[in-house]
Amino acid sequence: MSKRTDTIKSLFTAPQSSALSADNMPAALPRVSSGSVRSLKDSFSEVEKENEELRERIASGAVILEIDPSLVDPSPLADRFRDQDDSSFEALKQSIAQRGQEVPILVREHPEAKGRYQSAYGHRRVRATRRELGISVKAILRSLSDEALVVAQGLENAPREDLSFIERASFAMHIEDAGHSRSVVQDALSVDRAEASKLLAVARSVPAEVIQAIGKAPKVGRGRWQSFAELIKDSAALKRVRAAIAEPKFAERETDARFLAAFSAATRPSRGEPSKEPDEKPVFSVSGEKIAHVRQAERELKLTIDKNVSTTFAAFLVDQLPALFDAFSKKSSGQESTEA
C-alpha cells in the first residue's frame, strides 16, 4: 500500500474512546497533527495533478499502440543521413533487444494509405524492430497536420548531439521545399530567423550529390561548411570537388575525412590548371590621395600602405580593426535577416 493511501486511511480510522463523560457528551476526538493535514493536502494535489495529466492526454488524442512496423512509413521529409558505419544504430538495436523499446515512436494515420501509419519520429526504432528484431513497435498515435508532423519531427531531433550541421541544414531545405513557411523551419529546428537563413544558404549552395557523397560529417560545424559553400561557387573548384568524390577511394574514407578531402580539392588547383591572376587595385582617400594598395589572390588579401602616408596611420588602422569588424558583422547579419 502506498504512503499516500496509508496517510489517508490513518486520518479516518483513528480509534476513539468508548467511555462517555458525566454529561453524556462524547470525548474530544484525537487532535490531528498539522503534518498529517499537509500530507493529506499534498496527496489530494498529487491526485488532481495525475487527473489533469490524464485529461490532457485524452484531449490530445494520444494512444499508445503496439503495431506491426511494416505498416509504418517514414515522414516524407528526411531529417538525418544513413551512414554505412552507424554504430549508434547498433547500440539502439542491442538496447531494444535486451531491455525492450523504452521510448515509443510518434505516428499519425497515413493521409493517403488506409490502414497504414506515418511516423513523425522514431524511424530508426521502426527499422530496428522491423528488419533486425522482427517485433512490434510501440507507438503514440496522434492526429497531426502536415505542419505539426514536421515540427514534432524537428523538436524531437533538436536536442540530439549526433545530428550534424549538414543534416539540420538539409532538413531545413526539405521543409521549405515541401511548401512550408520559414517560420515552420524555425519552429522545427528551434532556431531564429538568422540561423535558419544560414542553414538554408549552405544546403542550397552545396549540390545534393556532394552532400550525399560526404555524409553527415558530425565533427564539421557551420563555419567550415559555410567556407566550403563559398569556395565551390567557383565553377573550377566545384569541378575539382566532383572529380574528388568520384574517385573509388573517396567512399572508403570516414565521413569527416571525406569532407576534408572535398574541402582540400576545392582549395587547391588541379595539376596543370592555371592559377587565377591576383586582383590588384589602389585605394584612394575621399580627397583623391592614394593611401594604399590592395592585392587579392585566391587565398589571401594583402593591404600595403603607401609610402607617402604617415606611419602612424598604420597603427591607427590596426587599433580600429576590431571595431570595424564588429560594425561589418552587425551590418552583414542585418542584411541577411532582411533578405531572408
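Modeller: Let's start with a word we'll need: contact means heavy atoms within 4.5 Å. Helices here are DSSP runs of H or I with at least four residues, numbered from the N terminus. Keep in mind that this is a predicted model, where local features need pLDDT of at least 70, side-chain atom pairs count only at pLDDT 80 or more, and totals for chains, interfaces and linings use all residues. Residues are numbered from 1 along each chain as its sequence is written, and side-chain values use heavy atoms, leaving out hydrogens and water.

Now look at helix 10, residues 222-231, where W225, F228 and A229 are buried (under 20% relative accessible area, with a 1.4 Å probe and protein chains only). These three cover an arc of only 100° around the axis, so they sit on the same side of helix 10; the arc is taken from the directions from the helix axis to the C-beta atoms. In general, an α-helix has 3.6 residues a turn, so residues three or four places apart point the same way.

What do the buried residues of helix 10 pack against? Their partners are helix 6 (165-177), helix 8 (193-205), helix 9 (208-214), helix 11 (235-245) and helix 12 (255-267).

With 13 residues at 1.5 Å a residue, helix 6 should span 18 Å, and its end C-alpha atoms are 18 Å apart, which agrees; the expected span is 1.5 Å times one less than the number of residues. Just after helix 6, G179 takes a positive phi of about 100°.

Note on methods: Buried means under 20% relative accessible area, exposed over 50%, partly exposed in between (1.4 Å probe, protein chains only). Helices (H or I, at least four residues) and strands (E, at least two) are DSSP runs, numbered from the N terminus.
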